[in-house]
Amino acid sequence: MRLLKIGRDAGCDIVLHSDKVSSLHAEITLMNSGDIMLEDKGSRNGTFIMNQQIKPGKPVNIRRGDAIRFADVELQWGQVPMPEDNSAYKAIYGIGSHFNNDIQISGGTVSRYHATIKIGRDNKVYIIDHSKNGTTVDGNKIPSNNPVRIKKSSSVVCGGVPVNLKDPIVKWPKEVWKIVALIAACLCVLVGAGWGIHKYIQTHMDPSFEDGQLYSRYKNSAVYVKTVYHYEVSIGDLNSQEIVALGIPQKLLPLGDSYQDVSGMTSSELLDALDKMYERVAENNKSEVRNQGLGAGTGFFISSSGEIVTNLHVVKPWLFNKDEEFLEGILSRFMAQKVATRDAANVAYLKRKATVLSAYTSKIKVKGVLDYIAIVPNDALFDKDNVIKCRVLSADEDRKNIEKDVALIQTVTKHLPNADCAFVNVKDSMDIRPEVYKAGEHVYVLGFPAAADPFMQNDANRTGIHCYGTGGNITVDPTEYSFSFDAAALHGSSGSAIFNRKGMLIGILNSGKGDNFNRGVKAKYIKEILEKPHDFN
């Protein structure tokens, strides 16, 4: 608040030069709220608002711009300071002898509106002096109308009278740094205690799970994975027309002993091919599908957004089975037969042509390409309605890294297929410590062994496909990348999650040889691929 004295006396804040104006004619009070109060101080010729005289000694509200007259002199509003912008403050307290103040102090040297305390939105506190007899802070007189920083412990004296800064009416901001320091100290104690408790529990009291409990807990995280892939052919600097003229398809899909051109196939046609292959495998005593253009394996969900971990050799089998070299040999012989048949009557010409032919056949290159990858959840029927298309997020192309036999895919919908599906929380339920791979440690494997008779879907009762769980032990000390165990695993189980007795994910199966000699990739390489940027191929 601020008081403005108005009159003929030279000591007034607004001096009016008229014999009809009293020495102290009136007072204007600028309130912290922005209100303006006017009071006639018993003048001889009166104070008027809109030509209506007000009663002496009785403050009235006025607004900036009102027509105010002191005797015969009009108020010039330009002489009245504009209200302060207090938007930067969250609390304001007045100090003085007038009852309008928040903190009232009395004394002959105390002004009616002596000083103002303001608390900023940054929690800093200031005092501003407006008085005749001044204000001191910690014994130093402060300049008039200039904010000076104070603390709750500061000594403030107004006109010689001490001010109680601890008055309950003043809501001092909390000292955040002290609170933060206290919270930090408490957290440190709690974290330390928690870590100690965690380590004790981990060492002495970690729960163990029976294999049946692990099956119930994780079976619906497992998925059956199917892939369709083909090979693209390039022959040196021959163009596509020349390759076609030789009768060599540029896209090859191996099916048994024959090769089918899949160029131009739609996704639906590829899925039909997948279904037909599935039927052929079932009819032919469930023979191996490896090297036949259709891949099969297992994966497991690791997030609610449909991310799935599986083997690299499930996603890109051509990196492992060396079909490229096999097909390059076939095509080389095919080209030789083409030329030999055409030129059999001219042996001399064929001999001359051999050098040119060799130059071309040496340039034959075959590259594997993934056409389609999809999953079927546990307990779902294996048919078109339940096959869920996926995309590859991360899968290595370098044959040097195939020991890290891990890939990451995701459902194209970016969510779990149904409410029954679960996922392995790799953030909290994966253990990559070296000691978990000691020989003799128990493991449990969950996957889809495609070659096992009970796996195949029974169309008579339409019960769907079922995840299999097998338990065993680690059989030998681990290598850099993998560990061996004797839990049963067959073809189709590649990509199965491997858990220890504490229910922690410790690896992914990548080689199933039967009952005793199976291998898994360590969980650290799952963690490694999850931390890489995803390619969204």
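Visitor: Let's start with a lysine. Is Lys41 buried, exposed or partly exposed?
Guide: Lys41 is partly exposed, because its relative accessible area is 31%. Keep in mind that this is a predicted model.

Visitor: Which side chain does Lys41 meet in a salt bridge?
Guide: Glu39. The two side chains meet at 3.5 Å, N to O.

Visitor: And is Glu39 buried or exposed?
Guide: Glu39 counts as buried, since its relative accessibility is 17% and the cut-off for buried is under 20%.

Visitor: Which residues are linked with Glu39 and Lys41 in a network?
Guide: Glu27 and Arg112. Together with Glu39 and Lys41, they are linked in a network of salt bridges.

Visitor: How far apart are Arg112 and Glu27, N to O?
Guide: 2.3 Å; their side chains meet in a salt bridge.

Visitor: How many salt bridges does the structure hold?
Guide: Eight. Another one joins Glu531 and Lys527, with the closest N and O atoms 2.5 Å apart.

Visitor: Where are Glu531 and Lys527?
Guide: Both are in helix α9, residues 523–531. They are four residues apart there, so about one helical turn separates them. Glu531 counts as exposed, at 55% relative accessibility. Lys527 is partly exposed, at 34%.

Visitor: Back to β3. Which strand is joined to β3 by five bridges?
Guide: Strand β1, residues 2–7. The two run antiparallel, and β3 covers residues 26–30. Arg2 stands opposite Leu30 in β3.

Visitor: What holds strands together in a sheet?
Guide: Strands of a sheet pair through backbone hydrogen bonds, either parallel or antiparallel.

Visitor: What is the strand order in the sheet with β3?
Guide: It goes β2-β1-β3-β4-β7. That makes an open sheet of five strands with mixed pairing. The edge strands are β2 (14–15) and β7 (60–62), and each pairs on one side only.

Visitor: What is the order in the four-strand antiparallel sheet?
Guide: That open sheet runs β6-β5-β8-β9. Its edge strands are β6 (52–53) and β9 (73–74). Two bridges join β8, residues 68–70, to β9. In β9, Val73 is the bridge partner of Phe70.

Visitor: What does Asn500 touch?
Guide: Leu214, Val436, His442 and Ile506, leaving out residues up to four places away in sequence. Asn500 lies in strand β30, residues 497–500. The side chain of Asn500 also reaches the backbone nitrogen of Met504, at 3.0 Å. Asn500 counts as buried, at 9% relative accessibility.

Visitor: Zoom out. How many helices and strands are in the chain?
Guide: Nine helices and 32 strands. Of its 537 residues, 43% count as buried. The accessible surface comes to about 27,800 Å², and 51% of that belongs to carbon and sulfur atoms.

Note on methods
Residues numbered from 1 in each chain as written. Predicted model: local features only at pLDDT ≥ 70, side-chain atom pairs only at ≥ 80, totals over all residues. Heavy atoms only, no water. Pairing = 2+ DSSP bridges. Buried < 20%, exposed > 50% of the residue type's maximum accessible area, 1.4 Å probe, protein only. Polar contact = N/O pair within 3.5 Å; in protein donor to acceptor, adjacent residues only side chain to side chain. Contact = heavy atoms within 4.5 Å. Areas by Shrake-Rupley, 256 points an atom, 1.4 Å probe, with all protein chains shown as cover. Salt bridge = Lys/Arg side-chain N within 4 Å of Asp/Glu carboxyl O.
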